[in-house]
Amino acid sequence: LEEDFMPGDIVVKFRPDAQDSLATDSRAFDDGDFMGLRPKSGSPQGEMVLKLSPENRQQVFRALNIASAESNRQLFEADDPDEQLKLDTLRAIDALKKRPDVMFAEPNYIRRTMGEPDDEYYPLQWHYPLIHLPQAWELTTGSSDVIVAVIDTGILSNHPDIDSSRIVDGYDFISNLSISLDGDGIDDNPEDPGDDLEGRSSFHGTHVAGTIGAATNNAIGVAGVTWGGKIMPLRALGNGGGLASDIREAIKYAAGLPNSSGIELPPSRRANIINMSLGGGSRSDLDQQAIDDARKAGVIIIAAAGNFASNAPMYPAAYDGVISVSAVGADKQLAPYSNYGATLDIAAPGGNMSRDYDGDGRLDGVWSTGGNDASGFIQSVYNLKQGTSMAAPHVAGVVALMKSLYPALTPALLDV
């Protein structure tokens, strides 16, 4: 009874040796019925849909020798009329299966679209159909066993489209008070206080986290790539950016490795994936070592390639072992700001807010969760951004879906 099927519909296919006789035997469908069941569609030579209703129920049950409900009310009677019809349908199917002239008899199952969430602004998220996410969601919508660490500006945990039950082991790694703007140093609070003293904060980490895993199919806001995956928000960027030393500590923490930040306890479970929508132009051997160690621990690392319309390598995206992500617009062409060149691995939707390619009256940015502190206090909003920073979390979210289907996925296997 828990199966999703049309009450009263019975799909029947007769055995080949019975098909011709049924088609020519006028008695088989006296008054248009078969065993009291009214044909709805099809023919005896193929698949037929036969209709059971409360009006013909007794006739059908007599013809198929089905015992009355009174013989066992606990099993055969239901309070709800629709459920009673479903129950009667299943009893009729069971009887039809026993007939020698019937090859198949089964419910007319209802199939529903799995890949289209009901979030209010999902129709504006052109960037998901562009990478065929609706088809991917028919295979998986993600698993709570997969954790994506977002090394960024932190998170607005009270945002209505951020599911607090999916936020795990967050931390603030900003050691410099002039960068942190939260009045303290390293602690276990990844909340984003803003990164601009004049009320123009980016709330970049919340936007990135929303693309990866906003609360989805909840009838509000936006959808995320993974509906079930968990987010580990690690704050390492603040006013003016972030220090490489803080970012390295966040990488180590996400991978469950010893670090120098003074944190006494590692996360309860290490991240499977790290997203870094951040970068700079200088290479660091210490960065590369941290990334190597995280990969050895089994962590897949993804980073934004940069927004300088240049083929110059940007770090951490250009490090060995990091998946470097460039950006495309809604037209699938390289976005005009996106970096390019030999160090890139993959492209993903990052938006192009100089265009309205789909003609919906809105510029083609990436819609996600965000914040606004222009009024002096932080408001939860939804907004458009563009950049390779927006492209990278699409890849991180898709890898989270892959990991949910194949838990044995490793960095090396993904590289192949």
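Ile162, Asp163, Arg166, Ile167, Ala209, Gly213 and Ile231 line the largest cavity, where a cavity is a set of points on a 1 Å grid over the protein atoms alone at which a 1.4 Å probe fits but cannot get out, and lining residues have an atom within 4 Å of a point. The model is predicted: local features need pLDDT of at least 70 and side-chain atom pairs pLDDT 80 or more, while totals for chains, interfaces and linings use all residues. Residues are numbered from 1 along each chain as its sequence is written, and side-chain values use heavy atoms, without hydrogens or water.

The structure holds one cavity of 30 Å³ or more, and the space in the largest cavity is about 40 Å³.

Ala209 and Gly213, named in that lining, are also among the buried residues of helix H8. Buried means under 20% relative accessible area with a 1.4 Å probe, protein chains only. Because 10 of the 10 residues of H8 (residues 204–213) are buried, this helix is largely enclosed by the rest of the structure.

Helix H9 (residues 244–254) packs against helix H10 (residues 285–296) at an angle of about 10°, with the axes 9 Å apart. The two are therefore roughly parallel, a term for angles under 35 degrees. In their contact (heavy atoms within 4.5 Å), Ala244, Arg248, Ile251 and Lys252 of H9 meet Leu286, Asp287, Ala290, Ile291 and Ala294 of H10.

The table gives the residue classes.

| Site | Nonpolar | Polar | Charged |
|---|---|---|---|
| Lining of the largest cavity | four residues | one residue | two residues |

Ala, Val, Leu, Ile, Met, Phe, Trp, Tyr, Cys and Pro count as nonpolar, Asp, Glu, Lys and Arg as charged, and the others, Gly among them, as polar.

Notes
Buried means under 20% relative accessible area, exposed over 50%, partly exposed in between (1.4 Å probe, protein chains only). Helices (H or I, at least four residues) and strands (E, at least two) are DSSP runs, numbered from the N terminus. On a 1 Å grid over the protein atoms alone, a cavity is a set of points where a 1.4 Å probe fits but cannot get out, and a pocket is an open set with protein on both sides within 12 Å along at least five of seven lines; lining residues have an atom within 4 Å of a point. Grid points are joined across faces, edges and corners, and a volume is the space filled by probe spheres set on the points. Axes are lines fitted to C-alpha atoms, for helices over the stretch in contact, and angles run from 0 to 180 degrees between N-to-C directions. Angles under 35 degrees count as roughly parallel, over 145 as roughly antiparallel, 65 to 115 as roughly perpendicular and the rest as oblique.
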